[in-house]
Structure formats: C-alpha cells, structure tokens
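The stops below are given in the order in which they may be selected.

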Amino acid sequence: MSSASLSLPVQGMRCASCAGRIEKAVAALPGVASVCVNLSSQRVLVTPGDAAGPKLPVAVVTAITNAGFEPVVQAKRLTLTGLRCAACVGKAEKALRAVPGVIDVKISQATSIALIDVAEVSDDDLTAAVHNAGYGVAAAAEPTASADIPTAITARSEPGLGEGTRAALALILSMPLVLPMLGGPPLPAWAQFILGSLVQFGLGWPFYAGAWNALKHRTASMDVLVVLGTLAAWGLSGWMWLDAHAGHAPHLYYEAASVIIAMLLLGRWLEARAKRKTGAAIEALMALRPLLARVRRDGAEVTMPIAQLQRGDVVLVRPGEQVPVDGEILDGTTHLDESMLTGESLPVAKGPGAAVTGGSLNLDGFIAVTAGALGADSTLSRIIRLVEQASAGKAPVQRMVDKVSAIFVPVILALALLTLAGWLLAGAGVETALINAVAVLVIACPCALGLATPTALMVGTGVAARAGILIRDAEALERARDIGVVAFDKTGTLTEGKPAVVAVQPVAGGDRIQVLRLAAALQVGSQHPLAAAVCDAMPAVPAAHAIRALPGLGVEGQVAEQHLLLGNARLMAERGIDIRDLAPVARGLTAQGRTLSYLVADGMLLGLIAFGDRIKQTGPAAIVRLKALGIRTVMVTGDNAGAAAATAASLGVEEVLAELLPQDKGDALADLRKGGRVVAMVGDGINDAPALAAADIGFAMGTGTDVAMRAAGITLMRGDPALVADAIAISGRTVAKIRQNLFWAFIYNIIGVPLAMAGLLNPMLAGAAMAASSVCVVANALLLRRWRPGV
C-alpha cells in the first residue's frame with residue numbers, strides 16, 4: 001500500500017455514536033496508524049502505519065460495511081496494453097495501488113482488463129499511473145454501456161491480428177535461412193545477415209520495445225530474456241562472419257535468432273487467439289444487450305439509444321426481439337427465453353406485473369415494459385461485473401505463482417551468466433558457451449506460469465455463468481471444491497417461498513374435489529396468499545355471490561343455494577361448528593407446521609384444506625447429489641421445528657436446526673465448522689445475509705434479495721438448489737485445470753533449463769518449446785468449456 005492516507009466517503013452516519021463505531025472498527029485493523037471520522041463531511045480518513053499491507057484499503061471498506069455503514073466506492077475499468085507476462089501484471093497492479101484513493105485492483109492477464117475500486121479517483125490519475133509504469137490504456141469505460149461493448153471486444157482482437165501478420169512474415173523470411181539445414185543450398189553470409197536483421201530488428205521490434213520499457217523502469221520481463229538471447233545469437237553470427245578466414249565458410253546463427261523470434265511471434269498470436277476464446281462468455285453476455293430501444297413517449301413510438309433511457313419509460317418489445325432493460329410488464333403476455341442469464345432452458349411465461357430482465361429474448365408476444373434498473377444497476381451489468389471480477393481475481397494458489405514470477409527473470413539471467421562462465425571455464429570456447437547461454441534465456445519464459453491460473457478462472461467462471469452460477473471471486477471458486485457441509489435456509493431456498501395446498505381432507509364419505517371447488521369459488525378475486533394457493537389448485541370454479549371477508553378469520557358467501565364458510569379453527573368455534581371428526585388429521589398436519597382452513601356448507605363440516613410451503617421439485621435430487629459427493633446437509637431455519645422437520649424429511653436433509661434468529665445462524669455455522677470442515681450457507685433473504693457472510697462460502701439464490709447476493713460469494717441465478725452441486729463440480733474442474741497448468745508450466749522449466757545449461761537443447765527448439773508451452777496452457781484451460789451442469 002502507498003504511504004498516502006485513504007479518505008473515504010461513508011453514507012449512513014447520523015451521530016457521534018455512529019462515528020465512534022466506525023472509528024473503533026477501523027482502528028482495530030492491523031496496519032492502521034490512526035483514524036479520523038468527520039461527521040459533518042461524512043468522511044473517514046485512515047492513515048496507514050509501517051506494517052500496512054496492500055490489502056489494508058479493502059479491509060477498511062469491509063470493516064466499515066460490517067459496522068453497518070456504506071462506504072462510497074466506485075468501480076472503474078481500464079483495458080491495458082503492453083502486458084506481456086505475470087511480471088507486467090504485478091507491476092501494473094502495484095502502480096495502480098499506489099494512487100491515493102485506490103481501494104483494490106484486479107488485473108486479468110487473460111484479458112488485460114483492470115478492475116479498480118476507488119474512492120473519488122479520476123480516470124486521468126489512473127491512466128497516468130499506468131503510463132508511468134510503462135504500459136498503455138486502450139480504453140477506459142464501464143462495461144455496462146452498450147456503446148462500449150464493441151470497444152471491449154475489439155481491444156482484445158486487434159493485437160492478435162497484428163501478431164499473426166508479423167509471425168507469417170517472420171516465418172517466410174526465416175525459411176531461406178533454415179533450408180541449408182534441410183539439405184538446401186547455403187546462402188551467402190551477407191544474405192543471411194540481411195534476412196536475419198530484418199527479422200531481428202524489424203519483425204522482432206515489439207520484443208525490443210517491451211525490453212526497453214522494462215529496463216527503463218528498472219524491471220526485467222520476458223522480453224528482456226528474448227532480446228538478450230536472440231541478440232546474442234545475432235551478434236555472435238556477425239562476429240564470426242567478420243572474423244572468418246578467407247575462403248572459409250563461417251558457422252552463423254542467424255537462422256537460430258530468426259526462427260526463435262518467428263516461433264515466439266507465432267506462439268504469441270496463437271495464445272492471443274486462444275485467450276480471446278476464454279472471454280467468450282463475457283462477450284456473449286455483452287452482446288445480449290441491444291444498442292437501441294423502442295420507447296413510447298407522448299403517445300408516439302420513438303427509437304433511441306439505451307443510454308438515453310430513463311427510469312419509468314415504457315419500452316415496447318416485439319416478438320423475436322431482446323428485452324433491452326430490466327423492468328416490469330405493463331401490458332401484454334409472452335414467453336421469454338432467459339437461458340443466457342439463468343441457464344434455464346425452458347421458456348418462462350410472463351404477463352402484466354411480471355419482472356423481466358434485460359437481455360432475455362421475447363419469443364411470441366408483444367409486451368410493453370416499464371423500465372426499472374438501468375446502466376450499471378441492471379442485472380446483466382451486474383452479471384458481467386461479477387464474472388469479470390472473479391476471472392480477474394487471484395485464487396490463493398496464484399499468489400504463490402506471483403511470488404515465483406517476480407524473481408523468475410533475475411534468476412534466469414543469473415543462470416544464463418553461470419552457463420556462459422561455466423562453459424568458458426570448461427574450455428568449450430566462446431561460440432559453444434554463448435549458444436548454450438542463449439538456449440537458457442530462450443527456454444525460460446514465465447508466460448505459461450502467469451497464464452496458468454487466470455485462463456482457467458476465466459473459462460471456469462464463464463461456463464458457470466452460462467449455467468446460471470455467478471462466482472464473485474476466485475477464492476470462492478477455489479474453496480468450493482473443499483466444501484464438507486452445506487447449510488440450507490428453508491423458506492425460498494429449499495421451498496417455493498409461497499403457500500400452496502398440500503393436503504385436502506374431506507369428512508367421511510365426502511368428495512375431495514368438491515371441497516376444493518367450493519373453497520376456490522369463495523376465493524376468486526382475493527389477494528390473500530392462501531386464496532391464491534386455493535385458486536391455483538382448482539382453477540375451474542362455480543360462481544359465488546354475497547362474498548364477505550372476515551378479517552383474521554376467513555370468508556363466507558353463497559354458491560347456488562348453499563351458504564359457505566371457509567376459515568380457521570377460531571372461526572369454527574365462534575360459529576359453533578363441530579370439527580372433532582377431523583381432529584386427528586388436523587393435529588398431525590399442525591405438528592408439521594401446516595396452516596388449516598375448514599370448509600362448512602349450511603352449518604355442516606365438509607372438510608379441511610392444509611397449506612404449506614411446497615418444496616422445490618429439484619430439491620430432493622439436489623440433496624442426493626450432495627450426499628453422493630460426501631457432503632453433509634443441514635437445514636438452518638427460523639421456522640418452527642415441526643414444519644422444518646417435515647420439510648427436511650421430504651427432502652432427505654440429514655439434520656435440522658430450527659427456530660433460529662438471524663444472529664443465531666452465524667453461531668450455528670461456527671459449530672458446524674468445528675473439525676476444520678469448510679461450511680457453505682445457502683439462503684435467499686435479508687435474514688440470511690449475516691449467515692452468508694459468516695460462512696466459508698455463501699450461496700445466494702438469485703430469486704432472493706440483493707442484500708443476500710451482496711453477502712454471498714456465489715449467486716445461483718435460477719434459485720435452484722441443484723446448482724449448489726453444479727457450483728462445487730465446476731470448482732473442482734477449474735482447480736484441477738489450474739493445477740494441471742501449473743504442473744506443466746513448472747515441469748517445463750524444471751526440465752528445460754537444466755537441459756539448456758548442459759548444452760543439450762538447441763536454441764531454435766527452445767524457442768518453439770517456449771511458445772508451445774503458453775499455447776498448451778491456454779488450450780488446456782479451454783477444455784473447461786466442455787463442462788455441462790449435472791455432470
């Protein structure tokens with residue numbers, strides 16, 4: 001972290017007590033020298049001490065949030081240029097973190113996108129920091145504006161095309177130099193010099209520019225290794241040509257230097273092409289949003305850019321068009337394809353009052369939508385931001401790789417000098433010593449190490465998003481595979497979250513369907529949740545009249561000549577209705593936490609209807625899958641013990657912790673964590689937010705509240721508990737790919753460098769192997785795209 005103080009605007013401070021809570025929370029953080037809370041300006045000034053680390057600003061924001069206040073943090077996005085390897089990424093991150101007001105920085109080597117959280121920092125200050133570090137900024141824009149979507153894609157596409165042309169020309173110019181090795185006629189020394197120099201200083205110029213930039217800023221990068229190695233081969237060839245005896249053909253190495261550069265350019269082009277595929281999921285999400293919307297204003301239809309829409313505008317969407325904004329259907333009915341946002345393959349029926357999400361496809365009806373969340377607040381924008389943040393973040397294993405990459409180039413330079421000195425002392429001569437040192441410089445490229453983790457994270461989080469699983473950070477993705485216990489909230493998580501008819505019990509000799517028909521007749525038009533449940537269970541009903549609501553008790557009315565009464569046990573007692581015939585059934589249903597309504601016709605009991613929160617259809621299968629993975633399942637709920645036990649039994653959940661207050665759920669998770677088990681919490685409500693934050697990994701249902709989603713590390717867009725097992729599966733696959741990539745990247749250098757030092761590796765072969773290593777790492781990560789939910 002920089003030595004500069006952090007000045008952070010904070011919302012929600014009302015009094016001196018609020019200021020005291022914030023000051024106490026921040027002052028307790030390690031590395032904080034002093035805290036000053038200004039109530040009048042609503043700002044917190046934090047001065048770091050000598051022990052402050054780079055993550056202190058993030059810890060400050062977290063501490064203020066946990067204290068119950070809202071730090072004002074802006075999210076900025078820069079597309080960087082000139083990043084060649086992991087060392088470049090680390091250097092750029094360090095430069096951006098040093099800007100006063102920067103909270104956190106995440107840069108993805110796979111996409112060259114920097115995601116920066118700041119407290120009132122201008123784009124100019126961030127751009128200046130990047131330039132001062134020796135890199136460029138291709139675009140600085142929010143990913144949520146439709147006009148920026150092509151820019152974000154193009155910024156990654158253009159470099160690959162330029163490198164492809166360079167690689168092709170370098171291979172063409174290198175071929176005449178290689179032909180004598182294949183039995184062709186040898187070229188004159190002057191011709192080899194011209195062709196070699198064109199490749200070395202013309203087509204290989206990007207390596208020189210990168211190396212000069214690194215040295216200018218007193219760092220060493222992959223480009224430094226390439227330039228030193230190829231320039232040594234080129235210089236050795238020139239010296240041997242000039243020093244050759246008359247009539248004696250000198251042994252030149254122009255072909256080695258040229259082929260190395262050609263192979264590296266080819267590898268960089270192939271790598272760029274493969275890296276673009278890793279961002280396919282983000283690009284597909286960006287492409288979902290239309291550039292224009294058809295709006296009804298002043299009685300006329302007007303077509304305008306998305307950026308000009310205002311909250312409350314009426315947007316018109318025809319069949320076959322994409323819904324341009326989040327909102328609510330004002331008029332019309334249709335089916336929407338929401339598969340790219342939620343992973344749900346079946347069309348979803350929508351009518352007036354239903355919520356719609358921007359980016360979904362309108363299939364068969366004309367609808368008018370009242371615009372709601374716009375720009376950065378839209379669901380699509382939040383999804384894109386989450387996917388980018390997760391893929392740009394660093395998994396715990398990546399931190400070890402970063403430390404290795406930081407010292408890698410200096411170590412290789414030292415080994416190359418050691419190789420040169422060793423062969424000279426062994427009496428091998430300058431030519432042999434220099435060629436072996438060149439091979440060491442060329443074989444040792446940290447690119448594969450730097451790409452091993454971010455490419456796998458990018459692909460893994462991308463395919464997860466396509467399946468309706470949004471992973472907020474790399475740490476959540478890596479830890480999910482180690483989950484040993486999954487704690488589920490009940491209402492809205494394992495159940496539908498709304499009442500449904502779960503049992504109908506007529507009196508002896510009665511008709512179940514008749515009980516439902518008459519009850520539904522009384523409930524038509526009522527907005528009560530229990531009324532809606534009855535009408536959903538029996539949509540075809542006879543006509544009723546003289547309907548009168550009995551607040552807190554039930555409803556009465558007439559159907560044909562019958563006087564009907566529908567209500568709770570208290571209503572039955574007030575009207576003197578004998579319900580003892582159904583008492584045993586009622587006691588059993590009440591013990592399960594069911595709500596009961598009795599139906600009476602002309603003073604005679606006809607039956608009872610039991611209401612409950614119906615379990616989700618995919619719930620039992622989800623629990624079975626988790627058990628098959630060896631994961632213990634627990635229900636953690638504030639509901640009564642009877643209802644919780646009945647729901648758990650129907651789902652197959654092993655353990656129930658019921659009648660818990662929101663603050664008690666965190667304590668319950670702490671008990672479950674004993675023994676070192678990784679505990680996940682799955683919930684959807686505001687009352688679940690503390691538990692989601694307290695768990696090792698929080699899973700929020702996307703059908704729930706925004707508070708829950710902000711507290712969780714993983715969001716399940718469909719609200720389907722089966723996605724928990726899918727998230728664990730993609731976590732395992734992604735971590736496996738990361739480890740495979742790191743193994744091959746490390747083993748490549750562990751084997752290759754000693755071979756080069758021993759003189760057993762030709763520099764041209766070393767160049768080809770170095771280029772191939774990066775391509776293989778990215779290609780291996782791309783295999784994750786084959787993953788499908790449920791596998």
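Select C36 first: this cysteine is partly exposed, because its relative accessibility is 45% (buried means under 20% relative accessible area, exposed over 50%, partly exposed in between, with a 1.4 Å probe and protein chains only). The model is predicted, so local features need pLDDT of at least 70 and side-chain atom pairs count only at pLDDT 80 or more, while totals for chains, interfaces and linings use all residues. Residues are numbered from 1 along each chain as its sequence is written, and side-chain values use heavy atoms, with hydrogens and water left out.

Next, select V35, which lies in strand β2, residues 32–38 (strands are DSSP runs of E with at least two residues, helices runs of H or I with at least four, numbered from the N terminus). V35 is buried, at 14% relative accessible area. Beyond its neighbours within four places in sequence, V35 is in contact with E23, V26, A27, V44 and L45 (contact means heavy atoms within 4.5 Å).

Now move to helix α18, residues 529–537, where L530, A531, A533 and V534 are buried. The buried residues of α18 line one face of the helix, because they fall within an arc of 160° seen down its axis (the arc is that of the directions from the helix axis to the C-beta atoms).

Finally, select C535, which is partly exposed at 21% relative accessible area. How many disulfides does a search of the whole structure find? The search finds zero (a disulfide is a pair of cysteine sulfur atoms within 2.5 Å).
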